[in-house]
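Look at the model below.

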Amino acid sequence: MAQINMAQALNRALRDAMAEDPNVVVFGEDVGPYGGVFTVTEGLTAQFGEDRCFDSPLAESGIVGTAVGMAMYGMRPVVEMQFDAFAYPAFEQITSHVAKMRNRTRGKVALPMVIRIPYGGGIGGVEHHGDSSEAYYTHTPGLTVITPGTTADAYSLLRAAIESPDPVIFMEPKSRYWTRADLDLPARTDPMNRAVVRRTGQDVTLISYGSTVQTCIETAEAAKEEGWDVEVIDLRSLTPLDEDTVCASVRKTGRAVVVHESSVFSGYGAEIVATVSEKCFHWLEAPVLRVGGFDVPYPPKDLEEHQLPHPDRILDTIARLQWEDQ
């Protein structure tokens with residue numbers, strides 16, 4: 001067993017997928033000999049050649065459009081949008097073609113392709129390098145949207161995404177690229193469409209995904225001093241949503257807080273709140289609350305610590321869950 005970080009796990013997932021299936025190709029900006037900004041594609045060109053892992057022009061719409069054509073003809077392209085906000089020029093391709101091709105052709109044409117998007121803050125990046133854009137994609141029918149919160153899931157979920165017959169938006173929490181874990185690879189975890197309980201508890205459920213899963217686990221440990229026994233759910237799949245796992249936890253604890261980096265207003269957490277409120281109403285002891293980014297453009301690096309959820313903010317929110325009624 002070795003100490004593996006998330007970037008290394010993703011690299012190994014790409015390497016193994018390419019070795020097993022000659023139809024898997026990797027391309028994007030600086031992903032070739034340079035190995036990617038975050039080293040996720042390091043060594044792939046050297047091992048598989050420039051026909052299998054290569055650099056593209058700085059044109060995200062062209063990257064995704066090319067991948068659509070490749071996938072239509074039987075290949076399995078894995079493309080990288082170098083940073084979250086860099087993907088916006090490709091949004092029309094994603095919503096108009098990637099998401100709709102199977103439906104448009106009445107099931108005759110599938111698009112087995114993966115769009116990798118490093119997302120979120122916490123790395124001291126400037127504007128256009130810290131967006132949490134998941135809600136744009138989850139609002140688009142026809143897309144599967146996945147984000148790993150652990151190193152093991154980074155490997156397993158990316159392998160599953162590449163094997164999927166339909167397009168997957170694979171959102172990588174860039175602040176967790178260097179998070180290490182003891183791990184033997186290859187490793188397969190729970191199925192791609194399942195949420196998992198990362199920590200069991202009885203008093204309140206924290207629902208999260210991606211970068212804030214670890215933040216919630218840290219919060220759960222700190223909550224012991226307040227006398228709260230906190231359960232932590234890692235969604236893993238944003239679309240489709242594993243409602244059964246989420247609702248089972250909330251029905252047990254009676255209280256819930258949704259935590260994510262993106263702005264709270266119209267953020268993905270609003271969908272979780274609506275789902276829990278509709279399906280767990282008679283079990284709830286208090287309204288479902290949210291902790292997220294503020295409703296401002298992503299701030300400069302000197303201020304991002306105030307934008308991102310942290311344990312103190314989450315604990316303050318847990319304290320608002322009407323505990324005096326117990």
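## Terms and model

Angles under 35 degrees count as roughly parallel, over 145 as roughly antiparallel, 65 to 115 as roughly perpendicular, and the rest as oblique. Axes are lines fitted to C-alpha atoms, for helices over the stretch in contact, and angles run from 0 to 180 degrees between N-to-C directions. Helices (H or I, at least four residues) and strands (E, at least two) are DSSP runs, numbered from the N terminus.

This is a predicted model, where local features need pLDDT of at least 70, side-chain atom pairs count only at pLDDT 80 or more, and totals for chains, interfaces and linings use all residues. Residues are numbered from 1 along each chain as its sequence is written, and side-chain values use heavy atoms, with hydrogens and water left out.

## Helices H8 and H12

Helix H8 spans residues 212-223 and helix H12 spans residues 311-318. Their axes come within 9 Å and cross at roughly 60°. H8 and H12 are therefore oblique to each other.

Thr215, Cys216, Glu218, Thr219, Ala222 and Ala223 of H8 meet Pro311, Ile314, Leu315 and Ile318 of H12. Contact means heavy atoms within 4.5 Å. By class, this contact of H8 with H12 has seven nonpolar, two polar and one charged residues. Ala, Val, Leu, Ile, Met, Phe, Trp, Tyr, Cys and Pro count as nonpolar, Asp, Glu, Lys and Arg as charged, and the others, Gly among them, as polar.

## Helices H1 and H7

Helix H1 (residues 6-20) packs against helix H7 (residues 151-163) at an angle of about 30°. Their axes are 8 Å apart. H1 and H7 are therefore roughly parallel to each other. H1 passes H7 in a right-handed crossing.

## The largest pocket

A pocket is an open set of points on a 1 Å grid over the protein atoms alone, where a 1.4 Å probe fits, with protein on both sides within 12 Å along at least five of seven lines; lining residues have an atom within 4 Å of a point. The largest pocket holds about 390 Å³ of space. Of its 20 lining residues, Asp131, Ser132, Tyr136, Ser262 and Ser263 are the closest to its centre. A volume is the space filled by probe spheres set on the points, which are joined across faces, edges and corners.

## The second largest pocket

The second largest pocket has a volume of about 220 Å³. H10 gives the most to its lining, with three residues.

Terms used: A crossing is left-handed if the near helix is turned anticlockwise from the far one by less than a right angle, and right-handed if clockwise.
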